[in-house]
Amino acid sequence: MGSRDVPSIQAAVPSVDRVLRLTAVRSLIETHGRPVATEAVRAVLDDVRRRLSAEGEAARPLSTQKAIAARVLATIEERSAPSLRPVFNLTGTVLHTNLGRAVLPPEAIKAMVAVAGGPSNLEFDLDAGRRGERDDHVEDFVLRLTGAEAACVVNNNAAAVLLTLNTLALRKEVAVSRGELIEIGGSFRMPDIMARAGSRLREVGTTNRTHAKDYAAAVGSRTALFMKVHTSNYIVGGFSTAVPVGELAALARDHGVALVVDLGSGTLIDLDRYGLPHEPTVAETLAQGADLVTFSCDKLLGGPQAGIIAGRADLVARIRRNPMKRAMRLDKMTIAALAQVLRLHTDPDRLAERLPTLRHLSRPAEEIEAQARRLMPILAGCLAETATVDVSPCQSQIGSGSLPVERLPSAALVIRPVTGKRGSGAALKRIVRALRGLPVPVIGRMHDGACILDLRCLEDEAAFADQLVHLRPA
Ligand SMILES: *Cc1c(COP(=O)(O)O)cnc(C)c1O
């Protein structure tokens, strides 16, 4: 093949118009529209010309009409695939913020779909025939489940904290223990949120020990609140002390200030009954005397992303009147989902079956191990000579700053590359990338030269197993 042939091969490349008239491509125009199809055809033809001039005759098979049509189809499919899509969370972190936290139960999904495609009574009182409140669709459930006098909902717990501080402590002081000035994943830092809310942070006590007298000494004419923050992603251990909610509530009352507790995860039910470690519940915290409690809905609550502020009716009423509430209000689909998740909580006996988060958290290690044993030969077969697969016990974590030190015994598929001995990570990286490249990407974690797939959160075993064939080395 001589390079003088290239111009003649180039000349054989069909024009954009001709490709657009091919039967196969015409149906793509029907489905995706002309601009998308044209753009894809141009991209493919540019690439074909580039390859022809670089590789000459060897690239000729790429320039046939059939090959071009196939690549146009592949290009369009790739470009029109949604950026946000489902994955398998086999990281061993049940509430993984980067993987979307809580997985919704079917009841919640059904409710979202029911209101998504048409008008709804989002802010319309059907009994009275006049304007209603969007929070009304969830408030009664919250009151019933927490014993609060009133509640309002916003976009997440960060918004709940921000709105509460901005309403109740604008240009006023908020006393917080130095042991509770938390950072949650980078951008949520209590001192920064306080500043943005327009409140002045008054640090009390020390990192490891804060006493009631420290709060008492901090009270002045500008003090609006005592705030207690649940140290949800770390623990202060050793020589340490913190003032319990009940005692702090009494002290707050004595000084005429309100006590706000940011519970973080905030569960509505006692997790002990599901064999999980205790996490303070919202009802408990309110019963101990907190005036307001704020908490997330997509952590242990197992619902959609939202935040709830629950407690004293007069304080909630002031929060509702804050114009900033409008900027943080929930969307109808989230309200629909949240109402169903709260409804499921009214039947704690069946909650562990019906709420995916709780189902995953309470799944027995033996059941996970049995699943791993079923999947091991399938995965090993698909990885063929490239890696070995073993079943090994492992430890899952709850995640999202919930019960940070607790670990749940679980089981994993452990993939070790055959060629890449310890230290050579290239083979392992290839395997991890191949797992991420599956039709439903599989996300595990790397540890000690191996890829660990913790199966705690794997529900659709068949879907997982069926797509493993795509791992087979070509
Ligand atoms: C998670 C958490 C937050 C932030 O909640 P989001 O719902 O993620 O906004 C705030 N405070 C505490 C203590 C938390 O654990």
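This report walks through the ligand site, one glutamine and the aromatic pairs of a predicted model.

A few ground rules before we start. Residues are numbered from 1 along each chain as its sequence is written, and side-chain values use heavy atoms, with hydrogens and water left out. Since the model is predicted, local features need pLDDT of at least 70 and side-chain atom pairs count only at pLDDT 80 or more, while totals for chains, interfaces and linings use all residues.

**The ligand site**

Around the ligand sit 13 residues, and the closest are Ala158, Ser232, Asp262, Ser296 and Lys299. Sorted by class, the shell holds four nonpolar, six polar and three charged residues. Here Ala, Val, Leu, Ile, Met, Phe, Trp, Tyr, Cys and Pro count as nonpolar, Asp, Glu, Lys and Arg as charged, and the others, Gly among them, as polar.

| Side chain | Ligand atom | Distance |
|---|---|---|
| arginine 101 | oxygen | 3.0 Å |
| aspartate 262 | nitrogen | 2.6 Å |
| lysine 299 | oxygen | 2.8 Å |

On its own the ligand has 380 Å² of accessible area, and the protein covers 94% of that (Shrake-Rupley method, 1.4 Å probe). Helix 8 (157–168) and strand 10 (258–264) are the elements that give two or more residues to the shell. Helices (H or I, at least four residues) and strands (E, at least two) are DSSP runs, numbered from the N terminus.

**Glutamine 371**

Glutamine 371 belongs to helix 18 (residues 365–383). With a relative accessible area of 2%, glutamine 371 is buried (under 20%, 1.4 Å probe, protein chains only). Leaving out residues up to four places away in sequence, glutamine 371 touches Arg363, Leu455, Leu458 and Glu461, where contact means heavy atoms within 4.5 Å.

**Aromatic pairs**

Searching the whole structure turns up two aromatic pairs (ring centres within 6.5 Å; planes under 30 degrees apart are stacked, over 60 edge-to-face, the rest tilted). Phenylalanine 88 and phenylalanine 464 are edge-to-face, at 5.5 Å centre to centre and 85 degrees between the planes. This pair joins strand 1 (residues 88–89) to helix 20 (residues 461–467), with the partners 376 residues apart. Both phenylalanine 88 and phenylalanine 464 are buried.

Tyrosine 215 and phenylalanine 226 make a tilted pair, 5.3 Å centre to centre with 50 degrees between the planes. Tyrosine 215 sits in helix 10 (residues 212–218) and phenylalanine 226 in strand 9 (residues 223–229), eleven residues apart. Tyrosine 215 and phenylalanine 226 are buried too.

Technical notes
Near = heavy atom within 4 Å. Polar contact = N/O pair within 3.5 Å; in protein donor to acceptor, adjacent residues only side chain to side chain. Buried < 20%, exposed > 50% of the residue type's maximum accessible area, 1.4 Å probe, protein only. Phe/Tyr/Trp six-rings, centres within 6.5 Å; stacked < 30°, edge-to-face > 60°.
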